[in-house]
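Subject: Structure for you to look at

Hi there,

Here is the model I promised to pass on. Have a look at it first, and then read on for what turned up.

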Amino acid sequence: MPLPRSLSVTSLSGLDDWTEEFDLGDAVLFEIAWEVANKVGGIYTVIQTKARLTSEEWGENYFLVGPYMENSVRTQVELIEPTNPALKRTIDNMNSSGCKLYFGRWLIEGSPYVVLIDVGFTAWSLDRWKSELWENCGIGVPWFDREANDAVLFGFLTAWLLGEYAAQCEEPPHILAHFHEWLAGLGLVLCRQRQLPVATIFTTHATLLGRYLCAGSVDFYNNLHKFNVDKEAGDRQIYHRYCLERAAAHCAHVFTTVSHITAIEAEHLLKRKPDVVTPNGLNVKKFSASHEFQNLHAHSKARIQEFIRGHFYGHLDFNLDKSVFLFIAGRYEFSNKGADVFLEALARLNYLLRVNHSEVTVIAFFIMPARTNNFNIETLKGQAVRKQLWDTAQTVKEKFGKKLYESLLVGQLPDVSKMLDKEDFTMMKRAIFSAQRQCLPPICTHNMLDDSSDPILNCLRRIGLFNSSSDRVKVIFHPEFLSSTSPLLPMDYEEFVRGCHLGVFPSYYEPWGYTPAECTVMGIPSVSTNLSGFGCFMEEHIADPSAYGVYILDRRYRSVDESCSQLTSFLLQFCQQSRRQRIIQRNRTERLSDLLDWRYLGRYYISARHMALAKAFPESYYYEPQDPSSKKGFRYPRPASVPPSPALSRHSSPHHSDDNDDDDERYNEDLEAEKDRLNIRQPHSPQYRDKSGLPDAIPVSDGDGTPASSASTPSSVSSPAGSVSSENFRGPTIPPFLFCLRRRTLNQESQFCC
């Protein structure tokens, strides 16, 4: 019988009542990725934040495997002797055979063990291993692709490590190896080719070909079924990388991906439907500020305002108390990250605010690293002028305060005309004259190396946003990641996010989307899309996402122009909110942070690991799904009080209330928070037991498709977002009474056409 679906996003659990009855026994988990103790991108965040939960589950039997990068190891890893006897013998044998392996603890939450492999130390074996790869797998790697060469070295060394560990164990081990992305995927292929006793999981966080295709301005999602994947990969000179990724996906016992939308992409490009969708989480405790997060927002906002005072000196003709701070951050992928749509929407928003004579000023930050050579002189001068004005004001204030104090001591009211002398007025006039500026405030805070060809700057020239006095939308392009040691904007990323009002991430290609997730756990509203994993996840969980400060932009079924208009509408509506409405919305957004906690989302990784053990070792582990009809799922309903932001299912525009009208709104923070907590229902939990504990359990077929008994391989995806078949893009394939979904027509259900 086919395996039923496992966990669904619409039946996410409450943590306390989750009953896990899987006996791990002597199983050992190796989690392998190029970004273990080596920060490159988002996978580093996934592994780093998930380590504590995984360490709690596996204890001393959990090992992370990654490359040895000396600069990172110096600050992040404590090198120690291996505590596991079999692993110590393994590392000693490999080191004596011409390899260089290090063992230690990664200094992050959970302090997991790490095995770090120096791939450069064994570069002398590269040609031999490439020949073996060609002879056994038919995959050729060109000499000039350094990243692929590293993947070959890393793959052979990790397969060597796992095989040697299996040989050093006194009893037949139950080894589980979890590989992340194509850079680590070759190790998985070699484990299966050499028939090692290893249960394997492969997780793709974004397909190689998908990222390249989307960067080429193609209609990606409407043409998934039309792509000749071999030709497209060859045309982009990544065919060897694509082969490594696809081989890993097909060889794995369990294939997972991070979101529902990426699962559909993987099914068409990698030609295998994922078994489990494993959404990415965060350690909410790290970002949580309890009831003080509103105060943290006010404190961080004040620091951003100080920067803006210096940046716009001489042209500070707008009220900072009536300004709204928007930002976009991430890799500099102009189209994939939606910077093009954001800029077009800002131009339209600027026009609407001007014609309506709005008092609101929008400051839009672009935090995207680009090639620069130094800070912009005019930007540094602005901060120096601001500091000079502050020092002048403090000097005059001290003199004024001293004279006032002396006047009051003698019992006389002060003569204001005598409180300031000519020297004071001269000092203030000189400060005012020094704050005059003949040019417009700069857009870019740094000197760009490719100013004339930079996509963001060229787009700003085209749409005419130059930070002029008449513009109600101002733009600041900061082409470096934020740092608390910066002389320009001394704030780290977390503090900057807390100080902003809205994060805007209208991505076209975003397999998950950590930036809007980080906004959510810090109580900052954000704009995401229905082509991002985060956006789809929130649509599944929340009946009215915009009421909770999560605006979902439709980039799937609308043209670019329509998407720009929708984003402009979101931004205009947000600008029309009163201060109290924004506070209410931030409270609601912060309450969603539990949905993104690894304590919940880590359960999908647990499910994938248990499924892999059951497939690889059917004589020892079994997988018994529970009847899903016994439990109900949940969705956050629309808040009971009047929403502070427009709901898509309600009127399209909020009433712009004045301060004296705010008290008329029906809003009870404690009551609303309690209702949100009650809306979490306990889901069904798949039961996992060993053979002795459940003699009548259903065994799972092994990874190559051969059933271990009467069970067969899964015919549908075990996905938090439902089945990922192209015929059922929008909704899960479980009975409709398990969750309350908004009414959908048959047309909407079959709208995805790949």
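The protein chain has a secondary structure of 25 helices and 19 strands, where helices (H or I, at least four residues) and strands (E, at least two) are DSSP runs numbered from the N terminus. Please keep in mind that this is a predicted model, in which local features need pLDDT of at least 70 and side-chain atom pairs count only at pLDDT 80 or more, while totals for chains, interfaces and linings use all residues. Residues are numbered from 1 along each chain as its sequence is written, and side-chain values use heavy atoms, with hydrogens and water left out.

Some overall figures, to begin with. Of the 754 residues in the protein chain, 59% are buried; buried means under 20% relative accessible area, exposed over 50%, and partly exposed in between (1.4 Å probe, protein chains only). The accessible surface of the protein chain is about 31000 Å², with 51% of that belonging to carbon and sulfur atoms (Shrake-Rupley method, 1.4 Å probe; for residues, only the protein chains shown count as cover). Among contacts in the protein chain with a separation of 6 or more, 77% are between residues 24 or more positions apart, a contact being heavy atoms within 4.5 Å.

Now the sheets. Nine strands make an open sheet with mixed pairing, in the order β3-β4-β5-β2-β1-β6-β7-β8-β9; two strands pair if DSSP finds at least two bridges between them. At its edges stand β3 (77-79) and β9 (276-277), each with a single partner strand, so one side of each has no neighbour in the sheet. β3 runs antiparallel to β4 (residues 101-106), and three bridges join them; Glu78 has Arg105 in β4 as its bridge partner. Helix α9 (residues 239-251) packs on this sheet, where it touches β7 (198-204) and β8 (254-257), and its direction makes about 130° with that of β7. (Axes are lines fitted to C-alpha atoms, for helices over the stretch in contact, and angles run from 0 to 180 degrees between N-to-C directions.) Helix α23 (residues 598-616) lies across β1 (28-32), β6 (175-180), β7, β8 and β9, at about 140° to β7.

Another open sheet has six strands with parallel pairing, ordered β14-β11-β10-β15-β16-β17. Its edge strands, β14 (473-478) and β17 (550-553), each pair on one side only. On average, neighbouring strands here are turned by 25° against each other, direction ignored. Two bridges pair β15 (residues 502-504) with β16 (residues 526-529) in the parallel sense, and Gly503 stands opposite Ser526 in β16. β16 and β17 also run parallel, joined by four bridges, with Ile552 in β17 as the bridge partner of Ser528. In a regular strand, side chains alternate between the two faces of the sheet. In β17, Val550 and Ile552 point one way and Tyr551 and Leu553 the other, and all are buried. Helix α20 (residues 533-541) lies across β16 and β17, at about 100° to β16.

On to the charged pairs: there are 34 salt bridges, each a side-chain nitrogen of Lys or Arg within 4 Å of a carboxyl oxygen of Asp or Glu. One of them is between Glu57 and Arg609 (2.7 Å, N to O). Glu57 is in helix α1 (residues 42-58) and Arg609 in helix α23, so this pair ties together parts 552 residues apart in sequence. Arg609 is buried at 2% relative accessibility, whereas Glu57 is partly exposed at 25%.

Asp471 and Arg354 form another salt bridge, their closest N and O atoms 3.6 Å apart. This pair also links distant parts of the chain, 117 residues apart: Asp471 is in the loop between α17 (455-463) and β14, and Arg354 in helix α13. Asp471 is buried, with a relative accessible area of 3%, and Arg354 is partly exposed, with 41%.

Glu333 counts as buried, at 18% relative accessibility. Beyond its neighbours within four places in sequence, Glu333 is in contact with Arg211 and Gly338.
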